[in-house]
Amino acid sequence: MAARATGGAPVSSSPDEQSGTRNRVARSILDHGPSTAAELAKRLELTQAAVRRHLDALVAEGVVEPRDKRVYGSRGRGRPAKVFALTDCGRDAFDQAYDQLAADALRWIARTAGGGEVGDAAVAAFARARAEAQAEKYRTALESVPPEERVRVLAAALSADGYAATARSAPAPAPGHPAAPAPPEQSPGGEQLCQHHCPVAHTAEQFPQLCEAETEVFSRLLGTHVQRLATIAHGDGVCTTFVPRAQLHPPDARDRPASSAPSAPAEPPTETSNATTVNEAGRNPA
C-alpha cells in the first residue's frame, strides 16, 4: 500500500507509477497546450503539490519549460502565473509523422523524375547531396587529426548528431562474409564504426540509397575504402562499418603521375594499355 504524506495525500514509492504520472502530465500539456500547475491538477485529479513535483522533474529533463502566462486586458495584482509548455525535445517524445513525410517526399522525387531506374537515380542523387551536406560538419574535425584517429573522431561527431556511435578495433570480416576484403595483401585488422541508433532507419528500409550514400561519405571522410557489414534498416541491431587499417595502395595512388611508376617495358604503351593502367591505379580494394 502506498505511504501517505502529512495531510493524507498518497505518495507512491513505485518509480514506474511516478513515471506513468509524469507522462500523463506531459500528455495533458500536449493535448491542451501550455497549462498552469492548477489547471493540470484539476484536469488530472492530482494535488498541485504533486503536479509541481512532476513539472520540476520534466523541466530538469528538458521536456517542458516554464513561461509567463499571457494576459489579455488589464492584469490583476501580484505576479503573473507560470504556464508550462512542451519543448521541441518533449514534443519529439510523442508520435510524429516525420518518417512518413520523408518517405512520401522521396517517392515524389522518384515519380517526378520518371520512375524506374531514372527515379532511383534521382533518389540516390538526393541521398548523396544530403549525406555530403551532413559531412561538411565533420570534415574540419577529421582533417585536424592523424588518419589513425579519424574513426574515433567521426564516431564522436555522429554521436553529437544522435547516432550513438562508437569505434573499436576489430579483425577484418571472415572470408565467407560477403563484405570480406578480397586482396590477401590487405592488413587483417581495422576498426569498426558502430551506430547504435539511426534517425532515418524506417525511411532507409524503403530507400537503401540513404545507407549507400552515407557509406560513400564515410569513405571520403576517412580517406580509405570502407565496408558496410550491417544496417539497422535491414533488421540488424547496429549499423556496422568496417574500416581497414591499411590499404593495398596509398590513398593518393589514383593521383600519382605515370612517371612515378616502375620502369616500363621498352615498347611504348598503346592507348588501350595506358587506360588499363589508369583504371587499375584508381581502383579501390574490395
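In helix H2 (residues 37-44), the buried residues are Ala-37, Leu-40, Ala-41 and Leu-44. Buried means under 20% relative accessible area, exposed means over 50%, and partly exposed lies in between (1.4 Å probe, protein chains only). Seen down the axis of H2, these buried residues fall within an arc of 100°, so they line one face of the helix. The arc is taken from the directions that run from the helix axis to the C-beta atoms. Just after H2, Glu-45 takes a positive phi of about 60°.

This is a predicted model, in which local features need pLDDT of at least 70 and side-chain atom pairs count only at pLDDT 80 or more, while totals for chains, interfaces and linings use all residues. Residues are numbered from 1 along each chain as its sequence is written, and side-chain values use heavy atoms, with hydrogens and water left out. Helices (H or I, at least four residues) and strands (E, at least two) are DSSP runs, numbered from the N terminus.

**Nonpolar cores**

In soluble globular proteins, nonpolar side chains tend to be buried together. A nonpolar core here is a set of buried Ala, Val, Leu, Ile, Met, Phe, Trp, Tyr and Cys residues joined through side-chain atoms within 4.5 Å. The largest one has 30 residues. Within this core, Tyr-138, Leu-154, Leu-158, Leu-193 and Leu-221 touch the most other members. At least two residues each come from helix H5 (98-113), H6, H7, strand S5 (165-171) and helix H9 (209-222). H9 gives the largest share, 7 residues.

Take Leu-154. Leaving aside neighbours within four places in sequence, Leu-154 is in contact (heavy atoms within 4.5 Å) with Tyr-138, Leu-142, Leu-193, Phe-218, Leu-221 and Leu-222.

How many residues of S6 are buried? The count is 7 of the 7, so S6 is largely enclosed by the rest of the structure. Two strands pair if DSSP finds at least two bridges between them. S5 and S6 run antiparallel and are joined by 7 bridges. Here Ser-169 stands opposite Glu-191 in S6. S6 also pairs with strand S8 (residues 239-244), in the antiparallel sense, over 6 bridges. Thr-240 in S8 is the bridge partner of Cys-194.

**Salt bridges**

Side chains of opposite charge can pair when their charged atoms come close. A salt bridge is a side-chain nitrogen of Lys or Arg within 4 Å of a carboxyl oxygen of Asp or Glu. The count comes to 11 salt bridges. Three of them are listed here.

| Salt bridge | N to O distance |
|---|---|
| Arg-139 and Glu-132 | 2.8 Å |
| Arg-139 and Glu-136 | 2.4 Å |
| Glu-191 and Arg-152 | 3.4 Å |

The Glu-191 and Arg-152 pair links distant parts of the chain, 39 residues apart. Glu-191 sits in strand S6 (residues 189-195), and Arg-152 in helix H7 (residues 150-160). Glu-191 counts as buried, at 11% relative accessibility. Arg-152 is partly exposed, with a relative accessible area of 43%.

Salt bridges that share partners join Glu-132, Glu-136, Arg-139 and Arg-220 into one network. Arg-139 and Glu-136 are separated by about one helical turn, because they are 3 residues apart in helix H6 (residues 116-143). Glu-136 counts as partly exposed, at 47% relative accessibility. Glu-132 is partly exposed too, at 23%.
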